[in-house]
Amino acid sequence: MNTASVSLGASVSSQSRFVQLALAAFLGIFVMGFVGFSHIDAVHNAAHDYRHSMAFPCH
Amino acid sequence: MTLFRNVVFIAAIAGLVAGVVLACMQAFATVPLILKAEVYEQAGGGHTHDHAAAPAAAPDSNAMSSAAPMVAEAAAAEEEGWAPADGFERFAFNVVANVVTGIGFALILVAASEFAGGIGNWRQGVFWGLAGFAVFTLAPNLGLPPELPAMPAADLAQRQIWWTATVVATAAGLGLLAFRKSLPLAVIAVALIVAPHIVGAPQPDSFESPIPEGLHHQFVVAVTLTNLVFWLVLGAVVGLVRGRLTGTAPGLRDSFA
């Protein structure tokens with residue numbers, strides 16, 4: 001953050017900007033998918049109440 | 001990778017705050033209803049789910065269907081796999097799940113909003129939060145209402161596919177409506193939002209359920225409202241943190257110079 005601009009990391013090129021934002025979004029999707037959608041029993045059981053409370057497809 | 005680092009930083013703070021808030025709301029609003037439903041599930045033998053619609057997925061679904069720790073106590077533990085013990089451990093894992101996915105949702109929200117110019121302040125954040133609520137809660141819950149343990153449901157994998165497709169289509173539709181100023185694209189946007197519900201969510205063969213209608217209705221209301229607050233908090237905190245980060249950037253540079 002060494003620019004005075006109002007956007008985050010404004011100094012990066014638009015291509016690099018796209019890659020970094022896409023990377024962040026994929027990281028988020030991966031995290032959400034693992035906790036909310038994984039068919040591994042232990043993961044399901046650990047996040048059981050959460051899945052129901054978020055109305056993720058469960059069981 | 002400064003941009004990536006900043007996005008992760010903002011998402012981590014917002015996800016932590018909103019996740020803790022959501023976990024606290026769930027402890028009072030949704031988890032007690034889940035525990036009540038598990039009493040019905042247990043009374044019904046723990047395997048009352050109607051999985052006749054999906055014979056191929058039956059072994060998998062059955063293994064997961066009675067995952068409730070209360071049932072695990074009823075000597076089914078060896079087929080359930082590990083599960084957190086009731087009480088504090090279960091609550092703690094719920095908090096962890098909330099914070100981790102809170103950060104996940106925040107990453108998606110921040111990345112998407114940066115493509116559109118970024119969330120400037122907490123009020124803009126509230127509206128981005130409303131969009132997130134519409135995409136991740138309202139739209140999928142129309143076809144697949146929040147369900148309590150022991151409620152009948154269609155094949156898990158098919159519901160997950162429908163859920164994902166609905167989220168993607170609704171997000172694309174809202175994005176088109178908000179950021180493209182052309183009428184044909186607006187029409188396509190509305191079609192995208194409506195389409196998943198015309199296709200229809202996978203439904204169970206029978207809606208017969210051991211869970212009382214009143215309990216389920218209470219649960220749907222609780223899930224919808226807790227999620228609304230979660231998304232508003234998430235968006236607002238993203239706006240606040242991002243505003244702080246960008247607002248003080250020149251100041252910080254001066255002080256380090």
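Helices are DSSP runs of type H or I that are at least four residues long, strands are DSSP runs of type E that are at least two residues long, and both are numbered from the N terminus. The model shown in these views is predicted.

**View 1. The end of chain A: Ala55(A) in the segment after H3 of chain A.** The backbone of Ala55(A) has a phi angle near 60 degrees, which is a positive value in a residue other than glycine. Is Ala55(A) buried or exposed? Ala55(A) counts as buried because 23 C-beta neighbours lie inside 10 Å, and the cut-off for a buried residue is 20 or more.

**View 2. A residue of helix H1 of chain A: Ile29(A).** UniProt, in an unreviewed entry, places a "transmembrane region" at residues 21-40 of chain A. Over residues 21-40 the chain is 85% helix and 0% strand. Ile29(A) is partly exposed, because 16 other C-beta atoms lie within 10 Å; a residue with 12 or fewer would count as exposed, and one with 20 or more as buried. Ile29(A) and Arg51(A) are 22 residues apart along the chain, and their C-alpha atoms are separated by 15 Å.

**View 3. The contact between chain A and chain B.** Here 40 residues of chain A are in contact with 65 residues of chain B. Helix H1 (14-37), helix H2 (41-46) and helix H3 (48-53) of chain A each supply at least two residues of the side of chain A that touches chain B. Which helix provides the largest share of that side? The largest share comes from H1(A), with 14 residues. By residue type, the side of chain A that touches chain B divides into 23 nonpolar, 14 polar and three charged residues.

**View 4. The fold of chain B: a chain with 10 helices and zero strands.** Along the sequence, chain B follows the pattern α-α-α-α-α-α-α-α-α-α. Of the 257 residues in chain B, 44% are buried. Among contacts in chain B between residues at least 6 apart in sequence, 80% join residues at least 24 apart. The UniProt record (unreviewed entry) lists "transmembrane region" for residues 91-113, 125-144, 160-178, 183-199 and 219-241 of chain B. Among them, residues 125-144 form a span that is 95% helix and 0% strand, with end C-alpha atoms 27 Å apart.

**View 5. The packing of helix H2 (residues 31-43) of chain B and helix H9 (residues 213-247) of chain B.** The axes of the two helices are 10 Å apart, and the packing angle is about 155 degrees. This angle makes H2(B) roughly antiparallel to H9(B), because angles over 145 degrees count as roughly antiparallel. The crossing in which H2(B) passes H9(B) is left-handed. Which residues of H2(B) meet H9(B)? On H2(B) they are Leu33(B), Lys36(B) and Ala37(B), and their partners in H9(B) are Leu215(B), Gln218(B), Phe219(B) and Ala222(B). The residues of this contact divide into five nonpolar, one polar and one charged.

**View 6. The crossing of helix H5 (residues 88-115) of chain B and H9(B).** The axes of H5(B) and H9(B) come within 11 Å and cross at roughly 60 degrees. H5(B) is therefore oblique to H9(B). The crossing of H5(B) and H9(B) is right-handed. H5(B) makes the contact through Gly102(B), Phe105(B), Ala106(B), Leu109(B) and Val110(B), and H9(B) through Leu234(B), Gly235(B) and Val238(B). The contact of H5(B) with H9(B) consists of six nonpolar, two polar and no charged residues.

**View 7. The loop between helix H6 (122-143) and helix H7 (156-179) of chain B, with Ala150(B).** Although Ala150(B) is not a glycine, its phi is positive, at about 80 degrees. Ala150(B) counts as buried because it has 27 C-beta neighbours inside 10 Å.

**View 8. Ile188(B) in helix H8 (residues 183-199) of chain B.** Over residues 183-199 the chain is 100% helix and 0% strand, and the end C-alpha atoms are 24 Å apart. Ile188(B) counts as partly exposed because it has 16 C-beta neighbours inside 10 Å. Ile188(B) and Gly87(B) are 101 residues apart along the chain, and a distance of 48 Å separates their C-alpha atoms.

Methods. Residues are numbered from 1 along each chain as its sequence is written. Chains are lettered from A and ligands numbered from 1 in the order in which they are written. This is a predicted model: local features need pLDDT of at least 70, side-chain atom pairs count only at pLDDT 80 or more; totals for chains, interfaces and linings use all residues. UniProt positions are given in the numbering used here, feature names are shortened, and annotations may be inferred rather than shown by experiment. Two residues are in contact if their C-beta atoms, placed from the backbone, lie within 7 Å. Ala, Val, Leu, Ile, Met, Phe, Trp, Tyr, Cys and Pro count as nonpolar, Asp, Glu, Lys and Arg as charged, and the others, Gly among them, as polar. Axes are lines fitted to C-alpha atoms, for helices over the stretch in contact, and angles run from 0 to 180 degrees between N-to-C directions. Angles under 35 degrees count as roughly parallel, over 145 as roughly antiparallel, 65 to 115 as roughly perpendicular and the rest as oblique. A crossing is left-handed if the near helix is turned anticlockwise from the far one by less than a right angle, and right-handed if clockwise.
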